[in-house]
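Trainee: I am new to this one. Could you walk me through how to read it?
Mentor: Gladly; let us look together.

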Amino acid sequence: MTAVEIRPGLRLYKAALDRAAQESLRDEIREILRAAPLFQPTMPRTGKAFSVRMSNCGPLGWVSDRAGYRYQPDHPVTGQPWPAIPDALLRLWSDLADYPEDPDACLINYYDVNAKMGAHQDVDEQDFSAPIVSASLGDSCRFRFGGDTRGGSTQALTLDSGDVLIFGGPARKMFHGVDRILPGTSTLLEPPGRINLTLRRAR
DNA sequence: GAGTCTCG
DNA sequence: TCCA
């Protein structure tokens, strides 16, 4: 597997997952979502809904509601523990993350064709020495990233189904977000849209 | 602290 | 959990 080093700590593996791997991962996520349905996160304080819907797998899951951002062991609606992280994702992590422990959280973000994600940092984790491993499934998106402060210069990248992006080291706390989904760019998902899987070490 | 919202 |  060949990586493009976009800048120190930011590596892009184009087509890390072939079509068959994408299909089997999609099917496993579909099963996970049956047990842990997508929920609608809301902004702290204001209660404004995210356009993205979320679920998680692994010992911990990231959630947001009026109370704030946090990792918790159970689904905010069903109260059930999150399902296990699929082996294929654990293998991806051990192949690419260069970190001695398994991830303990995997956030599942579902973007319909109109969903976006504003610029943010992933900073709710305890240990920033572990990278974020991000896999894309379904429609392509315009991914935007910048530096460690808001309002600096940014670059954009198209992420396609099967791509894996890793940010660690000096890129671990970069601001990043999704400008838009590129409709009709993949036949993988029904309904269409994009699923992003981010493997993390929350604790 | 305090926001991954939206808008420009 | 929002209220400084």
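**Reading the model step by step**

Mentor: UniProt, in an unreviewed entry, places the feature "domain: Fe2OG dioxygenase" at residues 102-203; such positions follow the numbering used here, feature names are shortened, and annotations may be inferred rather than shown by experiment. This is a predicted model, where local features need pLDDT of at least 70, side-chain atom pairs count only at pLDDT 80 or more, and totals for chains, interfaces and linings use all residues. Residues are numbered from 1 along each chain as its sequence is written, chains are lettered from A and ligands numbered from 1 in the order in which they are written, and side-chain values use heavy atoms, with hydrogens and water left out.

Trainee: How much of residues 102-203 is helix and how much is strand?
Mentor: Helices (H or I, at least four residues) and strands (E, at least two) are DSSP runs, numbered from the N terminus. Here the span is 0% helix and 44% strand, and its end C-alpha atoms lie 11 Å apart.

Trainee: Which residues does UniProt list for "binding site"?
Mentor: The unreviewed entry gives Trp62, Tyr69, Arg70, Tyr71, Asp124 and Arg150. They do not all gather at one spot, because the farthest two C-alpha atoms are 23.6 Å apart; in sequence they span 89 residues.

Trainee: Where does Trp62 sit, and is Trp62 buried or exposed?
Mentor: Buried means under 20% relative accessible area, exposed over 50%, and partly exposed in between (1.4 Å probe, protein chains only). Trp62 belongs to strand S4 (residues 61-65) and counts as buried because its relative accessibility is 9%. Tyr69, at 41%, is partly exposed.

Trainee: How many aromatic pairs are there?
Mentor: Rings of Phe, Tyr and Trp (its six-membered ring) pair if their centres lie within 6.5 Å; planes under 30 degrees apart are stacked, over 60 edge-to-face, and the rest tilted. The structure holds four such pairs. One of them, Trp62 with Tyr69, is tilted, at 5.2 Å centre to centre and 45° between the planes. Trp93 and Tyr99 have ring centres 6.3 Å apart and planes at 80°, so that pair is edge-to-face. Both Trp93 and Tyr99 are buried.

Trainee: Which residues surround DNA strand C?
Mentor: A residue is near a strand if one of its heavy atoms lies within 4 Å of it. Arg45, Arg66 and Ala67 surround DNA strand C.
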